[in-house]
Every structure is written in C-alpha cells, then in structure tokens.
Amino acid sequence: KDSNTVGRNSWDETAILVAVRGITPWFDSRKLNFDVEADGKNVLIPGKKFTYLIFKQKPEEIGKFIEDLMMHQPVKR
C-alpha cells in the first residue's frame with residue numbers, strides 16, 4: 001500500500017452516506033469557511049459556506065457501516 005493512504009478516512013463514501021442518510025447518528029456538524037495561506041495550508045475560519053463534520057462515533061464503526069451497505073446483496077421478492 002501507498003504509505004500516504006494507510007489509515008486515511010474514505011471521504012467519498014462518507015459524503016455519500018451523509019447525502020443519503022444524513023449526519024445522524026454518525027456525526028455532529030458546524031458551519032465554517034476556510035482560507036488558503038501563502039504556503040498552501042488550509043485555515044478554518046468562522047462562516048457558513050461549508051459544513052464541517054465532527055465524529056460522534058469511531059471512524060472504524062462508521063467505516064464498517066459503509067462497508068456493510070456497499071456489500072449488501074439485494075433480496076429478490
């Protein structure tokens with residue numbers, strides 16, 4: 001594995017989870033903006049443009065829930 005990706009959260013799947021199921025019970029949130037400094041560093045600032053997710057559950061638990069959804073086999077009726 002690429003050492004830059006080991007242990008990283010899966011933001012694409014997380015975004016879909018929140019878009020479809022909402023933030024509850026996995027996250028809290030707060031609104032903010034961000035600025036980019038001359039050296040490229042992102043700085044969070046008060047605002048209302050973006051929603052910042054704050055973990056309410058362990059990332060591993062959320063990841064397991066997402067994996068279970070992705071691996072779900074539809075039931076024929």
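Me: What do buried, exposed and partly exposed mean here?
Reply: Buried means under 20% relative accessible area, exposed means over 50%, and partly exposed lies in between (1.4 Å probe, protein chains only). This is a predicted model, in which local features need pLDDT of at least 70 and side-chain atom pairs count only at pLDDT 80 or more, while totals for chains, interfaces and linings use all residues. Residues are numbered from 1 along each chain as its sequence is written, and side-chain values use heavy atoms, with hydrogens and water left out.

Me: Which class does Phe50 fall into?
Reply: Phe50 is partly exposed, at 34% relative accessible area. Phe34 is also partly exposed, at 39%.

Me: How many aromatic pairs are there?
Reply: There are three aromatic pairs. Rings of Phe, Tyr and Trp (its six-membered ring) pair if their centres lie within 6.5 Å; planes under 30 degrees apart count as stacked, over 60 as edge-to-face and the rest as tilted.

Me: Why is the pair of Trp26 and Phe65 called tilted?
Reply: Their ring planes stand at 40°, with the centres 5.1 Å apart, so the pair is tilted.

Me: And how are Phe34 and Phe50 arranged?
Reply: Phe34 and Phe50 form a tilted pair, with 5.3 Å from centre to centre and 40° between the planes.

Me: New topic: is Trp26 buried or exposed?
Reply: Trp26 is buried, with 7% relative accessible area. Phe65 is partly exposed, at 27%.

Me: What does Ile62 touch?
Reply: Leaving out residues up to four places away in sequence, Ile62 touches Leu17, Trp26, Phe27, Phe55 and Gln57; contact means heavy atoms within 4.5 Å.
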